[in-house]
Amino acid sequence: MMDWTDRHCRYFLRGFSPRVLLYSEMITAEALLRGNAARLLRYAPEEQPLALQLGGSEPARLAAAARLGEQAGYCEINLNCGCPSDRVHAGAFGACLMAAPARVADCVAAMRAAVTIPVTVKMRIGIIDKTDPRTVRQRLDQFEATDYARLVAFTAAVSAAGCTRLIVHARQAVLGGLSPRDNREVPPLRPGIVRQLIADFPALEFVLNGGLRSAGEVTEALSWCAGAMLGREAYHRPYILSELHVQLYADSWRRPPEEEILERMAVYVGASWRAESRWRPLRATCWPLFRAAGAREFRQRLSLGAREPGAGAALLRAVAR
């Protein structure tokens, strides 16, 4: 979710559930250690509970970055071992790390030694690289015993390092030959592999990721796994977060009407503009909130013509179109 779930997007999504755990976009350890860490780690208090996802493969550097995340107030550090993009692969992090379980275990151990908050791992059920002589389609036709053996070895290594919660995208990642988008769609979903991991590692918590499109699919998954992660579905249809909140939490919260959410965002944009961007036009400040934050369904509902909101939201509505 790089360049997707930035702090503006997360603030927007928080309006659809006060309790769902939100994750940052992946931030590399080097970006934090060599760049403006305060800017990269900035968030609004309303975004909590909030986890920081890191990219990297050097234990000491990841430990230092994790420490910065804890000091900034994040409640979890997540190591990305699932992103299949060529850019990430070239940086020696993301899904390619699944071929280096010992290195990942060292990274997890170093981060756990550096922080007191949980350290988790985001992963795939396996990887396929260019060294395989078969075509991608041939290789994806079946999940072989050797594939599962490698997955077990990876899981055992990170577990031995102290990671007790793993977020598993139930697809293999193809390193080279498929775009990031195709990697989300072409490799078949195999939630049965995650079920097998749960049976083989009963002491660990597994969170299912990939292919979850409805509240019903999520609640079904929660009947056999410890959690469910939504990516682009929540980004494009944030209403699913409210649907799940009502189903899963025994509280009185209900999603506010669209106009109230819009008013909330108008206040947020105004505050951000005054605090950070006095020299920038309001349009430049709030445009990313509705373009980078996606929420197609939200924009569509607003365009249907609900009651006239307050002046601030009216301006934001006009700018967001």
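**Entry 1: E233**

I started with E233, which is buried at a relative accessible area of 18%. For me, buried means under 20% relative accessible area, exposed means over 50%, and partly exposed is in between, using a 1.4 Å probe and protein chains only. I found E233 in helix 12 (residues 232-236). Helices are DSSP runs of H or I with at least four residues, strands are E runs of at least two, and both are numbered from the N terminus. Leaving out residues up to four places away in sequence, I see E233 touching L212, R213, P238 and I240. A contact here means heavy atoms within 4.5 Å.

**Entry 2: What I am looking at**

This is a predicted model, so to speak of local features I need pLDDT of at least 70, and side-chain atom pairs count only at pLDDT 80 or more, while totals for chains, interfaces and linings use all residues. Residues are numbered from 1 along each chain as its sequence is written, and side-chain values use heavy atoms, with hydrogens and water left out.

I looked up the overall make-up too: the protein has 17 helices and eight strands. Of its 321 residues, 50% are buried. I also checked contacts between residues at least 6 apart in sequence, and 74% of them join residues at least 24 apart.

**Entry 3: Strand 3**

Next I went to strand 3 (50-55). How many of its residues are buried? Six of the six are, so strand 3 is largely enclosed by the rest of the structure. In a regular strand, side chains alternate between the two faces of the sheet. Here L50, L52 and L54 point one way, A51, Q53 and G55 point the other way, and all are buried.

P49 sits in the loop between helix 3 (37-40) and strand 3.

**Entry 4: Who pairs with whom**

I then followed the strand pairings, where two strands pair if DSSP finds at least two bridges between them. Strand 1 (residues 22-23) runs parallel to strand 3, joined by two bridges. Y23 has A51 as its bridge partner in strand 3. Strand 2 (residues 27-28) is also parallel to strand 3, again with two bridges, and T28 has G55 as its partner there.

From strand 3 I moved on to strand 4, which is parallel to strand 3 and joined by four bridges. The partner of L52 in strand 4 is I77. I77 in turn has V119 as its partner in strand 5. Strand 4 and strand 5 are parallel, with five bridges.

Strand 5 is mostly covered, as ten of its eleven residues are buried. I also traced its pairing with strand 6 (residues 165-175), which is parallel over eight bridges. One pair I looked up was G126, whose partner in strand 6 is Q172.

**Entry 5: L140**

Is L140 buried or exposed? At 5% relative accessibility, L140 counts as buried. L140 and Q172 are 32 residues apart in sequence, and their C-alpha atoms are 8.1 Å apart in space. Setting aside neighbours within four places in sequence, I listed the contacts of L140 as I128, Q172, V174, V186, P187, P188 and R190.

**Entry 6: Helix 4 against helix 6**

Two packed helices are described by the angle between their axes and the distance between the axes. For helix 4 (residues 59-72) and helix 6 (residues 101-114), I found axes that come within 8 Å and cross at roughly 35 degrees. The axes are lines fitted to C-alpha atoms, for helices over the stretch in contact, and the angles run from 0 to 180 degrees between N-to-C directions.

Which residues make the contact? From helix 4 they are P59, L62, A63, A66, R67 and E70, and from helix 6 they are R103, D106, C107, A110, M111 and A114.

**Entry 7: Helix 6 by itself**

The buried residues of helix 6 are V104, A105, C107, V108, M111 and A114. I see them packing against strand 3, helix 4, strand 4 (76-81), strand 5 (119-129) and helix 8 (145-160).
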